[in-house]
Amino acid sequence: METLYYVILVPMVYVAFAVFFIGTAIRLFKIFWEPKHPSTLQIFPEKKPKWLLALYDTFLFPTVRKHKPVLWVFLILFHFGILLLIIGHLELFGEFEIFQVIPHEVFLGRGFVGLIVSISLLYFLFRRFVSPVRELSVPEDYYLLVLLFLIVIFGSQMDWARRWYDYGELDVEHYRTYLSSLLHFKPELPYEITDTGHSFMFVLHVFFANLFLMFFPFSHSMHSFLSLPMNKLRRG
Amino acid sequence: MTGIEQIEIIFYYKEDSFMDNKTRDDLLKLFQSKLNEAMRFYLETCTRCGVCTEACHVYASMGQVRYIAAYRSEIIRRLYKKYFKGRGKFWPSVGEAKELSEMALDELFDAAYSCTGCRRCMVYCPFGIDTQQLMSIAKLLLIGANTEPEILTLLADTSIEKGKSMELFKEGFLEGIKRLEAEVVEKWQTEAGTTAIPVDVEGADLLYVALAGAHSIIPAAAVFNAAGENWTLSFFEAVNFGAFVGDPTKTKLILDRIVNEAKRLKIKEVCICECGTAYRVMKQLAGEQPFKVSAITEVHARYLKEGRIKLDKSKLNGAVTYHDPCQIARNAGVIDEPRYILQHLTDNFRELTDDPRYNWCCGGGGGLVAMGEDTLDFRMKSSKVKVDQIKATGANILATACENCHTQLSNLNDHYAMGVNVQFLSSLVADALVR
């Protein structure tokens with residue numbers, strides 16, 4: 001068990017991050033290296049400023065708001081939630097003054113962010129069971145949603161335990177020790193990380209996150225990088 | 001199961017999916033030739049969220065999932081995932097990657113020739129995926145496999161042939177044009193000694209590129225003459241069958257005939273008749289040229305603005321609505337001009353939609369109308385929503401500015417007994433000309 005925990009928490013994390021960063025960089029490089037389309041692909045009537053509107057399309061999904069308002073609510077909650085969770089994870093590496101503009105304990109949102117993201121993911125998953133989205137979906141779509149759900153539910157559980165059930169054994173300090181040791185390539189696994197009641201949750205969280213990171217560059221998750229240039233093409 | 005049954009099944013399966021490696025490689029090369037940056041975006045990004053579901057008039061009219069934009073695109077994407085992504089080798093099932101087979105070609109045909117390339121789905125997609133672009137891959141593969149609609153290739157080849165041997169056609173063309181002049185003069189009396197339909201005039205300001213048909217030439221000529229335009233008629237018809245069939249080489253050859261003619265005559269402005277594809281191809285694919293490209297609608301609106309022509313509103317009775325041809329409006333931006341013209345034609349104009357981006361396609365684009373009777377049944381079934389949209393305006397005159405749309409809307413008018421009068425906008429202008 002000890003070896004398994006070690007493999008997931010140390011080498012696999014390195015591999016996952018390497019695949020994620022290198023894979024994403026290579027794939028993006030290959031895509032942007034292709035020749036540009038010879039003619040405009042925009043939709044009219046055009047409005048200006050095009051860049052600002054492309055940003056608006058990319059981050060606020062106005063077309064979804066217009067045509068699928070319920071989906072839009074969950075999409076906004078989900079994507080904004082992910083952003084907060086990413087900030088939360090950065091804070092597990094150390095203190096960032098900029099994030100403390102709103103004074104808070106790590107993680108932001110008192111545990112509700114993870115809850116909302118989990119519910120959003122369930123919504124995305126369940127709507128794929130219903131026609132016509134069912135017929136449009138391919139296994140990748142389900143894998144990604146299930147994977148994300150598992151990551152978020154195990155991750156959030158640790159946050160909820162600390163905040164809502166006074167579970168104090170596994171704390172932010174321990175995560176910080178672990179993560180900064182990884183960052184400095186001197187891996188260290190505190191006792192609390194591997195041998196307390198909620199350790200297996202933590203290990204599962206990291207395991208699924210590793211899988212996700214390794215799949216990311218090859219999946220449609222790449223829309224996180226491609227959405228802006230695509231929306232710019234549509235805006236002209 | 002007996003042995004024979006098993007063999008039969010294997011044989012059946014093999015025959016269905018059989019495609020020799022050489023053919024497949026050739027087709028994949030064609031696929032590769034389409035892969036530019038934008039195409040990679042479109043192929044990599046779809047999350048199959050289903051927001052585009054209601055966007056397609058075919059799905060909205062017929063309710064079959066295979067007509068949803070994301071489903072059509074996925075047919076191309078599955079081949080992409082098989083042959084152009086590492087996943088296709090290691091883990092094909094994750095994206096349902098699919099082998100390029102004869103059956104796959106059937107699916108490609110069904111997807112590409114039920115899509116009119118109207119790009120209405122692009123307005124819905126949160127990323128702006130261009131289904132028309134993805135369908136152009138399907139169309140090119142079909143050409144490579146010799147399974148494209150023959151009629152479109154035939155028409156494209158005829159156009160190209162005409163470009164190569166203009167001298168052979170010249171005589172007949174000029175004779176035909178002469179016969180039309182009387183009708184032009186009937187609409188607008190030109191001064192004695194001037195030609196009603198000038199052809200091959202070097203140094204003319206405007207080159208008008210019409211379609212093969214008097215209805216595309218007579219009203220336009222009358223308006224040019226009324227505006228005192230220094231114009232000349234092109235030898236060639238505007239329509240680009242190469243674009244319909246999705247053949248980039250032929251599209252370019254057909255386009256170049258007109259570009260070369262315009263350069264030879266030192267033209268300042270090329271004016272494209274009421275043909276959506278012709279206009280968009282000329283405007284967006286011709287590249288940097290010494291002349292500007294306009295749609296006839298833009299030219300007419302300009303004449304009105306400059307006071308070069310005047311129109312009599314009393315010529316039109318009843319409510320008028322206007323169908324924006326997709327390739328001219330949503331896809332090329334000529335939206336305000338037809339409305340400006342209509343303001344001068346009627347006080348009773350009714351919009352089909354609040355937002356021109358959401359206008360339903362007539363259902364005849366992408367070569368479907370050019371394929372004629374073969375597609376008639378499908379065109380009628382797939383355009384029910386268009387009929388409803390027109391009926392809701394209560395208009396009795398339905399104007400448009402595209403030959404394809406006009407044919408399709410006329411067919412719809414007959415099929416659904418809509419009782420509207422389908423008209424070309426340029427004809428309405430010509431008929432309402434006053435001194």
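Tutor: Begin with the secondary structure of one chain. Chain A has twelve helices and zero strands. Keep in mind that this is a predicted model.

Student: How far does the C-alpha trace of chain A span along its principal axes?

Tutor: The spans are about 60 × 40 × 35 Å. Of the 236 residues in chain A, 51% are buried. Chain A exposes about 12400 Å², and carbon and sulfur atoms supply 73% of that area.

Student: How do I read the contacts within chain A?

Tutor: Look at how far apart in sequence the partners are. Among contacts in chain A with a separation of 6 or more, 73% join residues 24 or more positions apart.

Student: How many positive and negative side chains does chain A have?

Tutor: There are 20 positive and 19 negative side chains in chain A, and the centres of these two sets are 19 Å apart.

Student: How many disulfides are found over all chains?

Tutor: The search finds zero in the whole structure. A disulfide needs two cysteine sulfur atoms within 2.5 Å. The closest cysteine sulfur to that of B:Cys118 belongs to B:Cys361 and is 4.6 Å away, so the two are too far apart for a bond. B:Cys273 is in no disulfide either, since its nearest cysteine sulfur, in B:Cys275, is 5.4 Å away.

Student: Is B:Cys118 buried or exposed?

Tutor: Residues under 20% relative accessible area count as buried. B:Cys118, at 9%, is therefore buried. B:Cys273 is buried as well, at 1%.

Student: Which residues have the most contacts inside the largest nonpolar core?

Tutor: That core has 198 residues, and those with the most contacts inside it are B:Phe31, B:Ile197, B:Tyr208, B:Leu233, B:Val270, B:Met282 and B:Leu345. The element that gives the most to this core is helix α8 of chain A, residues 139–164, with nine residues. Another core, of 13 residues, lies apart from it and includes B:Cys402 and B:Leu412.

Student: What does B:Leu345 touch, leaving aside its neighbours within four places in sequence?

Tutor: Its partners include B:Leu311, B:Lys313, B:Leu425 and B:Ala432.

Student: Where is A:Arg176 found, and is it buried or exposed?

Tutor: A:Arg176 is in helix α9 of chain A, residues 172–183. With 14% relative accessibility, A:Arg176 counts as buried. Beyond its neighbours within four places in sequence, its contacts include A:Glu91, A:Phe93 and A:Val106.

Student: What should I look for in the backbone?

Tutor: The bond from A:Phe44 to A:Pro45 is cis, with omega near 0°. The bond from A:Lys48 to A:Pro49 is also cis. A:Pro45 lies in the loop between α2 and α3 of chain A, and A:Pro49 is in the loop between α2 and α3 too.

Student: Where is A:Phe185 placed, and what is its phi?

Tutor: A:Phe185 is in the loop between α9 and α10 of chain A. Its phi is positive, about 55°, although A:Phe185 is not a glycine. A:Phe185 is exposed, with a relative accessible area of 62%. B:Glu96 has a positive phi as well, near 50°, and counts as partly exposed at 32%.

Note on methods
Residues numbered from 1 in each chain as written. Chains lettered and ligands numbered in written order. Predicted model: local features only at pLDDT ≥ 70, side-chain atom pairs only at ≥ 80, totals over all residues. Heavy atoms only, no water. Helix = DSSP H or I, 4+ residues; strand = E, 2+ residues; numbered from the N terminus. Buried < 20%, exposed > 50% of the residue type's maximum accessible area, 1.4 Å probe, protein only. Contact = heavy atoms within 4.5 Å. Areas by Shrake-Rupley, 256 points an atom, 1.4 Å probe, with all protein chains shown as cover. Lys, Arg positive; Asp, Glu negative; His and termini not counted. Charge placed at Lys NZ, Arg CZ, Asp CG, Glu CD. Core = buried A, V, L, I, M, F, W, Y, C linked by side-chain atoms within 4.5 Å.
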